[in-house]
Amino acid sequence: MSTTARHAIAGAVVGTLGAVAAHVLGVQQLLRLPDLALYLPAALFGALVGATRLRSLVWVPATVIALLCILVGYTPLASTLARPLIRRDPLPRRVDAIVVLSFGLTPDGMVRGETLDRLLTGLSLAKRGLAPVVLVSLERRTLGGKVVSDSADLQNLVALANIPVRVIFVDSIVTTRTEALRTRAIARAHGWSRLAVVTSPMHTRRACATFEAVGLEVVCVPAAVRGSGLYPGANADDRLRAFRSWLYETFASASYQSRGWIR
């Protein structure tokens, strides 16, 4: 095998591994194209460039990404970065309603893990008497050519909780801003003035700022998220998950600010 061929193969391998590491760090989710896999393009780029004197264009970024994965996985870096994104307001004795935000749904119409964590936190607050009403966000999206909703799953989960509070499902949620706008319409119709917003820890600052920007008074409540990676003793997988959340929220907050949706 020629030297050029060996360099091309090495470049393809390094390029692919770099794409995998970038995916683990959450770069993929920033593209908002979950079905787009960058492994093959990265392998082709690595093979083409690796066979030339410019092979450092493959090795250097891949090395940096690999080192970042090690740093995130084995240090509390993610939890340190997360602190400015977390907002935890003092809980009053009573609010008009509790708002549980969505985290997405699976292709088969089931809620994702963090949505369940948010729901459990919201229902727990309702059980303690914080509010007589709970608003729960529903998602409805077109996935794989068909419309998918987590409505049935959420209704089953609420029924299993068997808590004597009124539950209002807020349908067709797409973004945090649409959640805020739909919640505002419901709050005005019922004459509510103060709401508790329950969401994942790193989503709290952007979410509550979004709700306040549309004129709502809110109390921000971080949900108890399993495997959040934000606590001492977190393992590497949880810390990497936390870093992905931090990366996404950092870019999402910048996007909301540029659109004038938050200050």
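In this predicted model, the charged end of Arg 206 is placed over the ring of Tyr 256, at 4.8 Å from the ring centre. Tyr 256 has a relative accessible area of 6% and is therefore buried.

Two aromatic pairs are found in the structure. A pair of aromatic rings is described by the distance of the centres and the angle of the planes. For Phe 243 and Trp 246, the ring centres are 5.3 Å apart and the planes meet at 40°, so this pair is tilted. Both residues belong to helix H10 (residues 236-258), where they are three residues apart, or about one turn of the helix. Phe 243 and Trp 246 are both buried.

One disulfide is found in a search of the whole structure. A disulfide is a covalent bond between the sulfur atoms of two cysteines. Here the bond joins Cys 208 and Cys 220, with 2.0 Å between their sulfur atoms. Distant parts of the chain are linked by this pair, as Cys 208 lies in helix H9 (residues 204-213) and Cys 220 in strand E6 (residues 217-222), twelve residues apart. The torsion about the S-S bond of Cys 208 and Cys 220 is about 100°, so the disulfide is right-handed.

Cys 208 counts as buried because its relative accessibility is 0%. Cys 220, with a relative accessible area of 1%, is buried. Cys 69 has a relative accessibility of 17% and therefore counts as buried, since the cut-off for this class is under 20%.

Notes
Residues are numbered from 1 along each chain as its sequence is written. This is a predicted model: local features need pLDDT of at least 70, side-chain atom pairs count only at pLDDT 80 or more; totals for chains, interfaces and linings use all residues. Side-chain values use heavy atoms; hydrogens and water are left out. A disulfide is a pair of cysteine sulfur atoms within 2.5 Å. Helices (H or I, at least four residues) and strands (E, at least two) are DSSP runs, numbered from the N terminus. Buried means under 20% relative accessible area, exposed over 50%, partly exposed in between (1.4 Å probe, protein chains only). Rings of Phe, Tyr and Trp (its six-membered ring) pair if their centres lie within 6.5 Å; planes under 30 degrees apart count as stacked, over 60 as edge-to-face and the rest as tilted. A charge sits over a ring if NZ of Lys or CZ of Arg is within 6 Å of the ring centre and within 35 degrees of the ring normal.
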